[in-house]
Amino acid sequence: MRRRKFLRYLPLYLMLIPGAAYLIINNYLPMAGLVIAFKKVNFSLGIFQSPWCGLSNFKYLFSNDDALIAIRNTILYNLGFIVFGNLLAIIVAIALDCARSKFFKNVSQVIFLVPFLLSTVIVSYIVFAFLSPTNGFINNSILPLFGIENGIKWYNEAKYWPVILTVVYLWMSFGYSSILYYSTIIGIDKSYYEAAGVDGASTWQQIIHVTIPSLKPTIITLVLLGVGRICYSDFGLFYQIPQHSGLLYSTTQTIDTFVYRALLELNDVGRSSAAGFLQSLIGFVLVLGANWLVSKLDKESALF
Amino acid sequence: MLKTSKIFNFFVTLLLVLLVLACVIPFWILFINSFTSENYLVQNGYSLLPKEFSLSAYKYLWEAKDSIGRAYMMSIIIAGIGVTTNLVLTILFAYPLSHKDLPGRGAISFFLFFTMLFNGGLVPTYLVYTNIINVKDSLAGMIVPYLLMNAFFVIIMRTYFTSNIPSEVLEAAKIDGANEVQCLTRIVLPMSKPIIATIGLMALIAYWNNWTNGIYFLTTRTDLYGIQNYLNDVMNKATFLQSHMNTMISTQNIPNISVRMAIAVIAVLPLLIVYLFFQKYFVKGITLGSVKG
């Protein structure tokens, strides 16, 4: 009987094999490989045979400010992205809902998603067209209008980059997140607005008392998902857009670019694996914590 | 939908128009400047209006078709193999999971889902792909790491199978003697075209836009670069040249501004065209993403 049952499901189990093999190679082996953060890697012995070295990689990691700066930048950028990203997305979603022309509504939705389709390499070309010190559109066409003739060397001045990167991030992502909010707004029962209208509520009052409360579950979910990913950054955004200019590291280095540079440019497996270990571990704890919070606040929108 | 006053509506329209412009103008700048003569660009910088029309950038692309055309072909090959394999793996993993009676289903789902919660990050992944399964400097290095299958697509696909394909249809087919493979290929797949299109489109975007695998895994075999890595390489050379004006490097091989804009235009174009045709599937993919598994 057992045997027959097993034979019945055998084709289904066989179908799982290729995907399972890929998940083991691509996801589970690297998880096990996190132990190299506690090892002194010797490639002739292999990853798992290398000798243990305790916490020395972590001590080395924090022996100067580089890692701390990367961690600070990652967290601050993510906080900014969460606040401004969601704010802009909600405003755009409400605006889309209020627009009267159906055609205009649809066309703007299609166009808003276009920046999201671009690779960060292409986006870096576009940003360079605006900011290039010699030929850039801003230095040549915009700044002279305000009487600044010599232009600004954007790729040499770290202080401008928090603003530039936030604007680029918002440009790339607002279409995606505003559509998430918009799809919630479409689902709001029209009778709420009618009832509010009969009671004499103004447009503002309807937005504040009907639309925003209906968006609450989506806002909570997206904010907490963002918090769960606060140790991670879009590698391309922080690596490509500033043209990996060393002068800008103080405001553009994040954990992901730090790990990449330590591993592939400096061949420093110790520091990069220690930084990566912290990122994975804290990331895991934050995802679980964020989901726990969501399930407390609103059981329906919990991820698992 | 909200009822709005005239003034409110004016500001709403203004905001949306400004955002539409913000999304369109950068492309406009790429496009216009790829058709502008290099002399004008060097003297006046990137311009918003068409000035001194010239096709020389596109002529250059045609003459350099050995290198640019090659990178373009590589992108097409990588995306073709990658998207096909991705869809096959995703379907094969999602279909068994859509059987509620499959013994061990909970454990397999967890095995899948856990990869979304926890990951090893770049260093161990890089070491696995260079020391245990070596994909360095090979076509596999562009296709296999990170992109071949992910839990998110599988969960969306599985949810679609369970909620859109009536189990009675599958039962009936099995009574008629169909095996699981026949059920999958003759019943489930024909009924799942929308979700296959959605996931195929998302995988296509991921492969077409990927350049990180190129910089991680291709060190000597730059002939395997796709168009994104080619563009990245061109930009690196150009910025290097700008910061080392006095060194003696041959400037011959580094495309000038209008040519760079032209390569960017042809790199964006295929994805834009696919997107315009299939955008309803794409929007569906985004809203599905907010549905939990």
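Biologist: Which residues in H12(A) and H6(B) meet each other?

Modeller: On the H12(A) side you have Val259(A), Tyr260(A) and Leu263(A), and they meet Leu122(B), Val123(B) and Tyr126(B) of H6(B). Keep in mind that this is a predicted model.

Biologist: OK, zoom out. How many residues of chain A and chain B are in contact overall?

Modeller: On the chain A side there are 73, and they touch 82 residues of chain B.

Biologist: Which helix gives the largest share of the chain A side?

Modeller: Helix H1 of chain A, residues 2–33, which puts in 16 residues.

Biologist: Switching to the chains themselves. How many helices and strands does chain A have?

Modeller: Chain A has 13 helices and zero strands. Chain B has 14 helices, again with zero strands.

Biologist: What radius of gyration does chain A have, next to a compact globule of 304 residues?

Modeller: Chain A comes out at 25 Å, while a compact globule of that length would be near 19 Å. Along the principal axes, the C-alpha atoms of chain A fill a box of roughly 80 × 75 × 35 Å.

Biologist: And chain B, is it spread out or compact?

Modeller: Chain B is more spread out than a compact globule, because its radius of gyration of 24 Å is well over the 19 Å from the globule rule for 293 residues. The C-alpha trace of chain B spans about 75 × 65 × 35 Å along its principal axes.

Biologist: What domains does the assignment give for chain B?

Modeller: Domain 1 runs over 6–44 and domain 2 over 66–289. Their centres, taken over C-alpha atoms, are separated by 31 Å.

Biologist: How many residues are in contact between those two domains?

Modeller: Seven residues of domain 1 of chain B contact seven residues of domain 2 of chain B. On the domain 1 side, the elements giving two or more residues are helix H1 (6–34) and helix H2 (38–44) of chain B. H1(B) gives the most, with four residues. By class, that side has three nonpolar, three polar and one charged residues.

Biologist: Now some helix pairs inside a chain. How do H4(B) and H8(B) cross?

Modeller: H4 of chain B (residues 65–97) and H8 of chain B (residues 151–164) have axes that come within 8 Å and cross at roughly 50°. That angle makes H4(B) oblique to H8(B). The crossing of H4(B) and H8(B) is right-handed.

Biologist: Which residues make that contact?

Modeller: From H4(B) it's Thr90(B), Ile91(B), Phe93(B), Ala94(B), Tyr95(B) and Leu97(B). H8(B) brings Phe153(B), Val154(B), Met157(B), Arg158(B) and Phe161(B). The residues of the contact of H4(B) with H8(B) split into nine nonpolar, one polar and one charged.

Biologist: Over to chain A again. At what angle do H3(A) and H7(A) pack?

Modeller: Helix H3 (residues 66–98) and helix H7 (residues 161–186) of chain A pack at about 50°, with their axes 7 Å apart. H3(A) and H7(A) are therefore oblique to each other. As for handedness, the crossing of H3(A) and H7(A) is right-handed.

Biologist: What's in the contact of H3(A) with H7(A), by class?

Modeller: The contact of H3(A) with H7(A) has 17 nonpolar, seven polar and one charged residues.

Technical notes: Residues numbered from 1 in each chain as written. Chains lettered and ligands numbered in written order. Predicted model: local features only at pLDDT ≥ 70, side-chain atom pairs only at ≥ 80, totals over all residues. Domains from an automatic or database assignment. Nonpolar A, V, L, I, M, F, W, Y, C, P; charged D, E, K, R; others polar. Axes fitted to C-alpha atoms, helices over the stretch in contact; angles between N-to-C directions. Parallel < 35°, antiparallel > 145°, perpendicular 65-115°, else oblique. Left-handed = near helix turned anticlockwise from the far one by under 90°. Rg over C-alpha atoms; globule rule 2.2 N^0.38 Å.
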